[in-house]
Protein chains: 2
Amino acid sequence: MMKSTEEKLKIVVVGGVAGGASAAARARRVNANAEITVLEKGPEVSFANCGLPYHLGGEIEDRQKLLVATSKMFWERFRIRVRTGHEVQSIDRVAHTVTGRTVDGEEFKLPYDRLILATGSYPYRPEFCEVMAENLFQLWTLDDMDRIIAYMKQRPCKKATVIGAGFVGLEVVEQLVRLDVQVTLIERMAQVLGPLDPEIAKMVEHELTKHGVKVHVGADVQSFLTNNQKITAVKLAEGDSVMTDLVIVGVGVKPRIELAEKAGLVLGKTGGVVINEYCQTNDADIYAVGDMVEYLHGTLGTTGRMPLAGPANRSGRIAGTHAAIGRSQPLQPVQGTAIVRVFDLSAGSTGLNVRACRAAGIDFNSTIIQAPHHASYFPGACNLTLKLIYHPTTRQILGAQAIGGAGVDKRLDVIATALHFKGTIDDLAGLDLAYAPPFGSAKDPVHMAAFTAQNDLANYPTLDAFDMQLDGFQVVDVRTAAEIEKLPLPNAIHIPIDELTERWQELDAQRPTIAVCHSGKRAHVAACWLKGKGFESVTNLNGGMSIRRLSGP
Amino acid sequence: MMKSTEEKLKIVVVGGVAGGASAAARARRVNANAEITVLEKGPEVSFANCGLPYHLGGEIEDRQKLLVATSKMFWERFRIRVRTGHEVQSIDRVAHTVTGRTVDGEEFKLPYDRLILATGSYPYRPEFCEVMAENLFQLWTLDDMDRIIAYMKQRPCKKATVIGAGFVGLEVVEQLVRLDVQVTLIERMAQVLGPLDPEIAKMVEHELTKHGVKVHVGADVQSFLTNNQKITAVKLAEGDSVMTDLVIVGVGVKPRIELAEKAGLVLGKTGGVVINEYCQTNDADIYAVGDMVEYLHGTLGTTGRMPLAGPANRSGRIAGTHAAIGRSQPLQPVQGTAIVRVFDLSAGSTGLNVRACRAAGIDFNSTIIQAPHHASYFPGACNLTLKLIYHPTTRQILGAQAIGGAGVDKRLDVIATALHFKGTIDDLAGLDLAYAPPFGSAKDPVHMAAFTAQNDLANYPTLDAFDMQLDGFQVVDVRTAAEIEKLPLPNAIHIPIDELTERWQELDAQRPTIAVCHSGKRAHVAACWLKGKGFESVTNLNGGMSIRRLSGP
């Protein structure tokens, strides 16, 4: 539908919070003459939803800071009309109008030339939540946050239960602990943080436990025990009951696609709206962005939902541009990069994890290394664990996970960038990264992981699964006696690394041999030596004992 | 020269410190049977040379920490013979031998099958240093460091002069200030830190000045005034004299190539040894790595010296592998990424700066943005300045510079990674980086810089040089009155951004117009608006007043 130059292009944005405000502001910048209206059903055109947990715990003191943009500013600066309290209920694609109802019950109808849907998502509400209880909360909106804070002010809470150990769940846990609340975390999966592989997730669990959080993984909530419209305990299917003063549920989100669906917009396999590279739906005049859509995954090459703030913002920008002037840069594929701070650790991932590789039938190898986040001789070096997943023949990077006290975000970002370019482990090994002792090492953890992967694929020597069955192998433990005492490995032959070149002939060169140390680094040296000395089969236990100890239940 | 399988391959490494130790250890890992010898003229096979300034100032307390590997460990763990105090003086390429002299005056001769040269570099010693003075130092070896520390212990130094404002020079300055020494920094160039563009370097100078350092840039040392074999003052060509108790000179390094040159190895235009992608010189049995060689520059496509620890380590690894088994991954091009901490700021660069683009005749545009290093509403956000240099037609990234209180290394590493892949500004704009409020923003500074570059090239609207002559233009200053009072811009028309959509008709649409704010962000909004309203020529002052104020002398 082309407009004559005199006629003003009408752009209507549905939803401000979830990428819509950003789309509208961008549309104005590239088109000073369009009529732009944002219809938001909530009370604020935009707020910092990622900041909600942090105000809950008081780390962000001033609530005002969460209100990143106001309707007034949108009008004064951008001449964008914001209508809060306006819920759009239907789209007439032929007439090019949207209709809906205000919070005061008034009906409205608005014409559009281009429509941008940014209706976002809402928290999944499991069946056990179907109970009247004043101390049962979810945390998704400013209003949710305000109600929790108000409740906790009125009724001091000593014990809280968080159900769901995703990224937001863990942020909430951390902030509740900050308020001196005794927190129990309940997660249905066998681990916290689904995007991480189990052994990395286990490190997060240790950190939670270390800070007094009671962690129940693989635990199904059966029901809530209530008294006087208050939950007093959470009953688990396994039989345990957890006493509680407060329950916050965060078990994932669902795309808010009722409006899109009703309008006949095409949905994808994972339930999000299908868009093209300019964020157009099957109706070229209707765009969709943010949590409600399916993005192209850079590594998988398939589309799926990735309810994350980064892609929401970037898609908003592209939709806003294209809606306003009919052209824009294309939306780039998403890698699913995510990170969370959990007390003194940060943990995150990018690309595919092991489960995702298996689900997609993608062949993979992986390596886990440990390295200081900056020069080990410089004060303040924190241990960083980096897992790299790669294809054994194309050598392409498939994904990575990292956890540690500092520098985790940097390594994830470097690998996410390499993923964007479909880079290989050899690319990673050759990156020219910024080095000075306060920032990294001449061989950065990213390099170390890539080197280890190269060694693995070159068979000098290959890596074993960290949790493999060791029975029947000749296991050589090259750690020091002190290390072994702290963390024993039964049935291993102990030859400290610095004695191996002298004593290697004590070993049987015919038996399949596995070298083990704390992190895999010295075991690599040992395995190389033995292989070079004619041992028929030598491998290196991936990640060493520091990772293996995490493999148990 | 092929060896029979029974005969042991002899690998000789000349120089342990500058990549050689790393080459030797790697050679052992891929070849357990080679005879490997490291000949190092100094007393240690390897030490953390990047840590020297930090022990000088006491930030690294324990000197022992700088000794990353010992000869004993090399023998016990790797069966590598280390001969310290062994200076190689000539190579007989036909006979495949090296000869030299030990520190005790004994001659030695050693056969090799593969020779790896890692002789590194030495500090350039300008003419004015040709003076006998017990308080004149350079800082390149452990011994240099020990002598400075010993001197300062014996004779308390109140005033020190550092000559040369490169990366190491600034580290020394910082550490001397840490010891409560009054430091004067003298630099011949018109700015500190040559790899940075002047306006970014100026921020470093401000930080130095803020911490009490007296900075003389564009200052030539004429001579030293001495008394009793001690320098008492540094006389500058401009006439000033700087009283001093101690002088440390660090004005760049020269490759140590005498041995290579004598052996007839080919040198490149910049004076380093020419190597192929496996670090082989023109003699296929002789490898060279580290500060003494020329690397391929990723962006320039030409070779040159890059005396940095990262490339030295990576080239050592590749030479060690190839020398030991005749194959290896190829060496990847270098981007020249470097970083330094200067008090509360970090500053660094990757790829080309403006001067390098001009010298190479490469067309470029650039943008300078300012953004908080993580979500602005999350406590502790530090301002980060990011300059991105890109090609106006291919859109390829050419280089970047960053400075700020935190997160500088991360952004440089992301852009260095994109440079490795010859990425464009559009790649940067689409990166899926790790975001949560403690780590970044949904729109990371890297995205913001890329967006600004995209706007510039799409002409919505273009950017002006931050230091351009404003006379004759209609300059619209959209800052607040309070901001303008703090940092005035004479002859500008003041319309606060949030009044512009109301008041823009006060301006003359026929006159060439420049929008200005503090960082360029609001000016972009303003320029977009005016352009859309039919203004004939509207541009945005790159980086705004925050950068322009740095353009003066």
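Two strands count as paired here if DSSP finds at least two bridges between them, and the strands themselves are DSSP runs of E with at least two residues, while helices are H or I runs of at least four, numbered from the N terminus. All views come from a predicted model, in which local features need pLDDT of at least 70, side-chain atom pairs count only at pLDDT 80 or more, and totals for chains, interfaces and linings use all residues. Residues are numbered from 1 along each chain as its sequence is written, chains are lettered from A and ligands numbered from 1 in the order in which they are written, and side-chain values use heavy atoms, with hydrogens and water left out.

**View 1. An open sheet in chain A with the strand order β13-β14-β15.** The 3 strands pair antiparallel. β13 (221-227) and β15 (241-243) sit at the edges with a single partner strand each, so one side of each has no neighbour in the sheet. From one strand to the next, the twist averages 30 degrees. Between β13(A) and β14(A) (residues 230-236) there are 6 bridges; look for S223(A), whose bridge partner in β14(A) is K235(A).

**View 2. Hairpins built from β4(A), β5(A) and β6(A).** β4 (residues 86-92) and β5 (residues 97-102) of chain A run antiparallel over 6 bridges, and V88(A) has G100(A) as its bridge partner in β5(A). This hairpin has 4 residues between the strands, and H96(A) takes a positive phi near 60 degrees. β5(A) also pairs antiparallel with β6 (residues 107-111) of chain A, over 5 bridges. The hairpin of β5(A) and β6(A) has 4 residues between its strands, with G105(A) in the turn at a positive phi of about 90 degrees.

**View 3. Helix α15 of chain A packed on helix α1 of chain B.** H524(A), V525(A), C528(A) and W529(A) meet R26(B), R28(B) and R29(B), contact meaning heavy atoms within 4.5 Å. In α1(B), 11 of the 11 residues are buried, so the helix is largely enclosed by the rest of the structure (buried is under 20% relative accessible area, exposed over 50%, partly exposed in between, with a 1.4 Å probe and protein chains only).

**View 4. N353(A) in the loop between β23 (345-351) and α9 (354-360) of chain A.** N353(A) is buried, at 7% relative accessible area. Its side chain reaches the backbone oxygen of P195(A) at 3.0 Å and the backbone nitrogen of R355(A) at 3.2 Å. Leaving aside neighbours within four places in sequence, the contacts of N353(A) include G194(A), D197(A), I389(A) and Q401(A).

**View 5. H391(A) in the loop between β25 (383-390) and β26 (397-404) of chain A.** H391(A) counts as buried at 16% relative accessibility. Its side chain makes a polar contact with the side chain of T393(A) at 3.1 Å (a pair of N or O atoms within 3.5 Å; within protein, one must be able to donate a hydrogen and the other to accept it, and residues adjacent in sequence count only if both atoms are side-chain atoms). A polar atom of the H391(A) side chain also lies 3.2 Å from the backbone nitrogen of T394(A).

Notes
Axes are lines fitted to C-alpha atoms, for helices over the stretch in contact, and angles run from 0 to 180 degrees between N-to-C directions.
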